[in-house]
Amino acid sequence: MSTTAPGAKSANLSSPTPAKREITTKPRLSDKVFRGVATAGGLSSLLLLGLIFVFLAFQGFQVLRSEGIGFITGSNWEVVQDNVGNTDLSASTFGIAAMLIGTVICATIAVIIAVPISVLCALYLTFYAPSFIKRLMVALIDLMAAFPSILFGMWGYFVLMPHAEYWAKLIHKYFEWIPIFKMDVDIFERSPFVAGVVLSTMIIPIITSISREIFSQTPLDRIQAAYALGATRWAMIKAVVIPYGRSGVVGGAMLGLGRAMGETVAVYTVLNLVYQINWQVLIGAGGNVASMILLKFGEAGPTETKALMAAGLALFILTLIVNSIANVIVTKTGGKGR
Amino acid sequence: MSIDKPVVKPGKPWASTPKERAIDLGAILLAAFGSFALVALSELKGKLAYAGVFLLLIIVINFIHNYLSRGIASAKDSIASSFAVAGVLITLLPITSILFAVFERGKAGLKPNLFTTDMKLNGPNDPIDQGGLLHALTGSGIMVGIALIISLPIGILTAIYLTEIKGLFTRPIRFLVQAMSGVPSIVAGLFILSAIVFPITKTPSGLMGGLALAILMIPTIARTSEEVLLLIPEDLREAGIALGGTQWRTISQIVVPAAKSGLITAIILGVARVAGETAPLVLVSGGGDALNLDPTSGPMGSFPFYIWKAFTFGTNESIDRAWAGILVLLILVFILFFATRLVGADRNKK
């Protein structure tokens, strides 16, 4: 300390040296607590998903063990009771194949109807619409995404179903030669097609808003380059937007598929549940896991409730897989080049 | 000395001239006339035929007009525009149909007794001027409140973890939150049944309903808050740290207050997401008909359950009741929705 500058010396004379502040990158206690709490909060989603799996599996374990693989390959749902009224687990059969396949069929119909409409709508909103129409439509579509499912259920039942049945008859009349549109019995009411139409109105807002988001991320320089080369709007969309946004739209469609598979109330009101695998989508006989759970739950005894828990587990896993794939696709698309 | 400079007025060469507009209008009229004529003359009938023929004719007329005036590229472009407009119109159809149906069928039941009485003494089949949905209003309020109390801290902590802490688990947690937003609502109900109702409480109650709704609400709040926090400029965080603040103080006193209006939007969106959830409440809330303000015991009514019960009862009176309930629910969703717009507009102004 003998060779310090004069200034420092005079400071030393006037006041005692303050204790040298310790400079460290170690987080303070408050930060440690904060980071711990936030991490715990963040991990709660992991915990909840895990708990959902564990508890549904735990409750459904008995039924799953007694049914084995037959639970997802068989189509019978029969509760046999012994003479004192207890459910006889070994004699009863629980199989959800028809329901699982029906769920996928309804959701697929919904996606097939919704995707072209949503993509056209998103293209219009991103590249064609004047700004006031765009703002109005975006607000309306967001509002529609916030409509409760029971609203779609009642509207679907009272307003849309008669129309959808008429459309089903038209399709049957002109496209009977396609196997899935054949009819062995003439019942058009409450068919998987009708359920698919109702579901499509529910997922159009979801797919539209995801597609719109993806389209609006299209690099502006490429759009301008296309225009500068003399492209029309359609030529620009075909050359720039579609190659850029294709996989994102696929992801959005899969998110819609996942949403459609998990929908309960709207399907319950417009679908006739039948425990038989039915590929003819216009016939009024379909399956849906979520609706079946709601239908059976009221009158179910303890064992049947366990079977319903197992069905819920199957639905949970199915939607989780579809959603995960969709999210991976959507996330990968954002900000990626051609 | 002054020279008269020629003043160039800005023009809009891309805007459509009156002549072009007249041609567009003419095409629409021609297509409408053509569709009426075709439907009248051929075997086709019904609204669907009118719409289909009209769309087809509009496309053909536009195609020919554009082909003759500007060539094939422009003609193809006109087909694409026609389809895009058709897509929007088809999307608008269900929205307007839903709004129209609900207001048309629900307004008859909108009477003051709806908000002052419950259904303790009335069945769903009673005339609409008896009984009401007071129990559903309070029940839904309590359950959504419980869900909010649980999911708000978890959702915001998750968002803070994802945007501020950026720890080891950021990517998996972001993935899981997205996956969680796809959990079917009935599975949330089954989970609460299997984890709490069957092993512990044995009876359904409003609290269980709130817990089931919380599971559906957490991902909505977490994802919206994350988006909002990402919008807060990095400068604010750096300024907080540079002033000697710890991370805790920077986030709690600078970042979160700056994002306040966005977080309120997240809350409203979360409430709107669960306010109409039916399936889990049918499973776990018990769905009482009497006013019940105690979430821990006894069945508790709720909006979706009230509508559900009246709808599945199936008589004319009860269905009128269901529509009235839906109308009130829709008005609530409207209010929540416009609240988010207002908060959002407020944020954009600042």
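This is a predicted model: local features need pLDDT of at least 70, side-chain atom pairs count only at pLDDT 80 or more; totals for chains, interfaces and linings use all residues.
Contact between them involves 15 residues of domain 1 of chain A and 15 residues of domain 2 of chain A. On the domain 1 side, H2 and helix H3 (70-73) of chain A are the elements that contribute two or more residues. H2(A) has the largest share of that side, with 8 residues. Sorted by class, the domain 1 side consists of 8 nonpolar and 7 polar residues, with no charged residues.

Chain B is likewise assigned two domains, domain 1 (18-108) and domain 2 (115-349). Their C-alpha centres lie 41 Å apart. Each domain of chain B gives 6 residues to the contact between them. The side belonging to domain 1 of chain B has 3 nonpolar, 1 polar and 2 charged residues.

Between the chains, 67 residues of chain A are in contact with 68 residues of chain B. On the side of chain A that touches chain B, at least two residues each come from several helices, including H2 (29-67), H4 (97-128), H7 (192-216) and H12 (302-333) of chain A. The largest share of this side, 20 residues, is that of H2(A). By class, the side of chain A that touches chain B comprises 43 nonpolar, 19 polar and 5 charged residues.

The largest nonpolar core contains 184 residues. Within this core, the residues with the most contacts are A:Cys106, A:Leu199, A:Ile203, B:Ile307 and B:Ile326. H4(A) gives the most to the core, with 19 residues. When neighbours within four places in sequence are left aside, B:Ile307 is in contact with A:Ile150 of chain A and with B:Ala322, B:Gly325, B:Ile326 and B:Leu329 of chain B.

Another core, of 6 residues, lies apart from the largest one, and B:Ala31, B:Val53, B:Phe54 and B:Ile58 are among its residues. B:Ala31 is part of helix H1 (residues 18-41) of chain B. B:Ala31 counts as buried because 20 other C-beta atoms lie within 10 Å, and the cut-off for a buried residue is 20 or more. Not counting residues up to four places away in sequence, B:Ala31 touches B:Phe54, B:Leu57, B:Ile58 and B:Ile61. B:Ala31 and B:Phe54 are 23 residues apart along the chain, and their C-alpha atoms are separated by 5.6 Å.

Helix H9 (residues 247-258) of chain B has buried residues at B:Gln247, B:Thr250 and B:Ile251. These three residues are on the same side of H9(B) because they cover an arc of only 90 degrees around the axis. In general, an α-helix has 3.6 residues a turn, so residues three or four places apart point the same way. The buried residues of H9(B) pack against H2 of chain A, and also against helix H4 (134-165) and helix H8 (234-242) of chain B. The face of H9(B) turned away from its buried side carries B:Gln253 and B:Pro257, which are exposed.

Methods
Residues are numbered from 1 along each chain as its sequence is written. Chains are lettered from A and ligands numbered from 1 in the order in which they are written. Two residues are in contact if their C-beta atoms, placed from the backbone, lie within 7 Å. Helices (H or I, at least four residues) and strands (E, at least two) are DSSP runs, numbered from the N terminus. Ala, Val, Leu, Ile, Met, Phe, Trp, Tyr, Cys and Pro count as nonpolar, Asp, Glu, Lys and Arg as charged, and the others, Gly among them, as polar. A nonpolar core is a set of buried Ala, Val, Leu, Ile, Met, Phe, Trp, Tyr and Cys residues joined through C-beta atoms within 7 Å. A residue is buried if 20 or more other C-beta atoms lie within 10 Å of its own, exposed if 12 or fewer, and partly exposed in between; C-beta atoms are placed from the backbone. The arc is that of the directions from the helix axis to the C-beta atoms. Domain bounds come from an automatic or database domain assignment.
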